[in-house]
Amino acid sequence: MSIYLDHAATSFPKPGIVCRRMNQMITRIGANPGRSDHKLARKANQVVNETREKIAMLFAIPDAQRVIFTGNATEAINLGLKGLLLPGDHVVTSSVEHNSVIRPLKRLERVGVQYSQVPCSPQGNLNLRLLPRGLKPKTKLIILTHASNVTGGILPIQEVGAFARSKGIFFMVDAAQTAGLLPIDVQKMNIDLLAAPGHKSLYGPQGTGFLYIANGVDLKPLKEGGTGTESDSDEQPETLPHGFESGTLNTPGIAGLGAGISFVLEQGIIKIWKKERSLTQNLIRGLKRIKGVRIFGPGEMEEQVPVVSFNVESMDPAEVGFLLDDLYDIQVRTGLHCAPHAHRTLGTFPAGTVRVSMGFFNTAEEIKALLRAIYEITRMKL
Ligand SMILES: Cc1ncc(COP(=O)(O)O)c(C=O)c1O
């Protein structure tokens, strides 16, 4: 039996309720939401709106209509950045961001948007005292990942949100590694734009994600077209959410995402967190006992999401990943994890690390099996 430990890329398997809901959507409802007024279209619309409401509930979003469905976190981040920023604007971000943040910023640089990266420590921690130094007179936005997808280190978004608000700067959070796992309250945390995938810790299927846009944030859509609303006008509607959701939605995916969120709400974020935290601690403690293994990131005493990066002395991370997969049927991710800046910060560029990321369905026995396998791999080199 394979042991899947790559949940930071996408969670697997999904809860049974997700599969059943998607199946029901495809086989029994099937219609295009918001495009017709027949019973099935209304039913499909209801399913989409129920998922919107669940997202709003989970993240304390005051108005569900301000939740825009996207295909993944990357699309949500692109919409937030490219919809908001204009030539001359400046953005502050960190040195541990994913390419989903850095690449859109790099593209925006070509049209005159500037950005600065506040350096994190070699353990991946953000020093809040360095943040004000990154600001410029034209700083319009601070964008931060809530937790690093390389080290699992959690960034202090509550404090940064308060800081951004005190300076009148918009605050955007990339919650790819935390949505469904850590409590996020967009109001308390002063989050103006929240981008998240549906397919990781919200247990929805791949091809789902969302962007929350706070009241007062003026975004332009990245695509125009059919919305099923204001069809008499050649102009893109400005109403939310439809003005940002041109084209047929991934309705089966959104139905599955709704079921995934129900699963999270039923289990409770605290129970999910405790279980994954305990697996993470077992893993870190076990890795520390294996000679020749070096762990990167905040370390056992600090809280971190269930993502752990390490390397085996004198072995390429890709080789370790290959052996784990080939000999032990254990799936982890190796390399740069789409976050080269994070690896430069840790000193692991360009080879990267071996990354283990755990989910709710992993067990303590699986972590033991992984540790045994890593121990044996380190012995192969002796
Ligand atoms: C921190 C971070 N941001 C963004 C993304 C992109 O997410 P998606 O694959 O849903 O576009 C990921 C994916 O791993 C991530 O870890």
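**Backbone and ligand site**

Reply: Pro350 is found in the loop between α10 (340-346) and β13 (353-357), where helices (H or I, at least four residues) and strands (E, at least two) are DSSP runs numbered from the N terminus. This is a predicted model, in which local features need pLDDT of at least 70 and side-chain atom pairs count only at pLDDT 80 or more, while totals for chains, interfaces and linings use all residues. Residues are numbered from 1 along each chain as its sequence is written, and side-chain values use heavy atoms, with hydrogens and water left out.

The bond joining Phe349 to Pro350 is a cis peptide bond with omega about 5°, and the bond from Phe12 to Pro13 is cis as well, with omega near 0°. Most peptide bonds are trans, and most residues other than glycine have a negative phi. Ala60, in the loop between α2 (39-58) and β2 (67-70), has a positive phi, near 55°.

Turning to the ligand, 14 residues surround it, the closest being Thr74, Asp174, Gln177, His199 and Lys200; a residue counts here if one of its heavy atoms lies within 4 Å. By class, this shell has four nonpolar, eight polar and two charged residues (Ala, Val, Leu, Ile, Met, Phe, Trp, Tyr, Cys and Pro are nonpolar, Asp, Glu, Lys and Arg charged, and the others, Gly among them, polar). A ligand nitrogen is 2.6 Å from a side-chain N or O atom of Asp174, whereas ligand oxygen atoms are 2.8 Å from such an atom in His199 and 2.6 Å from one in Lys200. The protein covers 90% of the 390 Å² of accessible area that the ligand has on its own, computed by the Shrake-Rupley method with a 1.4 Å probe.

The ligand takes the space of the largest pocket, in the sense that more than half of its atoms lie within 2 Å of the grid points. A pocket is an open set of points on a 1 Å grid over the protein atoms alone, where a 1.4 Å probe fits, with protein on both sides within 12 Å along at least five of seven lines; lining residues have an atom within 4 Å of a point. Its volume is about 280 Å³, counted as the space filled by probe spheres set on the points, which are joined across faces, edges and corners. The pocket is lined by 22 residues, with His98, Ser100, Ala176, Gln177 and Lys200 nearest its centre, and helix α3 (residues 73-84) gives the most to this lining, three residues.

Terms used: Polar contact = N/O pair within 3.5 Å; in protein donor to acceptor, adjacent residues only side chain to side chain.
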